[in-house]
Amino acid sequence: MHRSSGKSKNSKASHAPKQKISYEKKADPAISEYSTSSLNWLRKAEFLMSAPKLNLCVEDTGYEIAFAGRSNAGKSSAINALTNQKQLARASKKPGRTQMINFFSLGNPDQRLVDLPGYGYAAVPEAMKIVWQKELENYLIHRKSLQGLVLLMDIRHPLQHFDVMMLEWAYSRHLFVHVLLTKADKLNRGPANKALLEVQQQLKKMKLNFSIQLFSSLNKQGLEELASVMAGRLNYTLDKTLGFDLDAIPELSVDDIEDEFIDQDTESNLNVENIDVNKNEKPE
Ligand SMILES: Nc1nc2c(ncn2[C@@H]2O[C@H](COP(=O)(O)OP(=O)(O)OP(=O)(O)O)[C@@H](O)[C@H]2O)c(=O)[nH]1
Ligand SMILES: [Mg+2]
């Protein structure tokens with residue numbers, strides 16, 4: 001509701017011709033039709049299989065996009081938010097939850113999302129870590145259907161050593177990367193935008209011209225943007241026969257938030273390399 005201007009009836013303004021002013025933000029109809037339709041399509045996601053190693057993965061045909069990032073960055077939660085399914089990918093506040101390469105089909109086995117185990121988590125036994133990292137590396141190097149990566153970084157600790165390695169490696173392999181600064185809900189809007197700008201500038205300095213956005217699985221910030229990127233990269237074409245109402249996605253209840261998003265933020269037990277905690281972080 002808009003407040004009255006407080007001007008008297010006799011002021012000049014009251015004699016001016018009345019203009020109807022719309023305060024509604026105008027969305028770009030082309031973008032929003034594609035992104036809402038993409039979200040609709042992503043909701044068809046179904047679990048295909050989990051593989052402990054490359055030669056046990058689903059057939060290497062079609063297109064797939066893998067969600068990569070440090071342990072606990074929010075990869076599994078992002079897949080669940082994107083597909084609007086609470087437990088499609090297994091998220092957990094315990095770091096190191098995802099230990100296999102998990103495949104999800106999108107209404108067609110030749111269009112897939114992949115949830116990868118996280119890297120940089122030092123609290124798993126060394127021998128196990130070496131096996132995981134080796135399998136992850138094998139997958140990333142040899143998988144022909146891999147189109148690119150969604151690289152997730154906690155907005156409060158972006159561009160850690162392994163992230164930079166991953167970005168440079170993807171660039172050298174001509175894979176696209178779409179960067180998500182996750183858990184954006186942990187910062188207020190100003191500091192979140194500042195962090196986005198800073199990471200953008202650092203990527204530019206490294207001559208890594210990748211797309212980047214803010215994201216929160218908790219409040220679904222950035223969902224439409226991510227859906228459009230995924231759909232575009234997986235060759236999804238708009239199906240005008242499907243209607244989709246973004247408002248029909250159920251809001252998370254307080255209970256859901258408590259169950260799914262009690263992020264212990266595990267800096268203390270994560271034992272990852274040089275975490276740089278942002279001073280602007282919201283209080284827990
Ligand atoms: N506040 C907040 N918490 C989040 C968000 N996304 C994920 N979390 C929490 O962060 C923790 C880790 O989330 P996961 O999705 O399991 O992270 P992951 O990257 O898949 O972790 P690994 O499988 O160990 O590699 C969980 O406690 C989530 O509830 C978010 O957008 N906001
Ligand atoms: Mg996971």
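**Note on strand β4 and its surroundings**

1. In β4, F104 has L113 as its bridge partner. The model is a predicted one. Four residues separate β3 and β4 in a hairpin, and G107 in the turn has a positive phi of about 75 degrees.

2. L113 also stands opposite I65. Here the pairing is parallel: strand β2 (residues 63–69) and β4 share five bridges.

3. Strand β4 (residues 111–115) is largely enclosed by the rest of the structure, because five of its five residues are buried. Both faces are covered, with Q111, L113 and D115 buried on one side and R112 and V114 buried on the other.

4. The largest nonpolar core has 56 residues, and F67, L151 and L181 are those with the most contacts inside it.

5. G148 lies in strand β5 (residues 146–154). G148 counts as buried because 22 other C-beta atoms lie within 10 Å. Apart from neighbours within four places in sequence, its contacts are I65, L175, F176, V177 and R233. A68 is 80 residues away along the chain from G148, with 9.9 Å between their C-alpha atoms.

6. For the protein as a whole, there are eight helices and seven strands, and 35% of the 284 residues count as buried. Of the contacts between residues at least 6 apart in sequence, 75% join residues at least 24 apart.

Conventions: Residues numbered from 1 in each chain as written. Chains lettered and ligands numbered in written order. Predicted model: local features only at pLDDT ≥ 70, side-chain atom pairs only at ≥ 80, totals over all residues. Helix = DSSP H or I, 4+ residues; strand = E, 2+ residues; numbered from the N terminus. Buried ≥ 20, exposed ≤ 12 C-beta atoms within 10 Å, placed from the backbone. Contact = placed C-beta atoms within 7 Å. Core = buried A, V, L, I, M, F, W, Y, C linked by C-beta atoms within 7 Å. Pairing = 2+ DSSP bridges.
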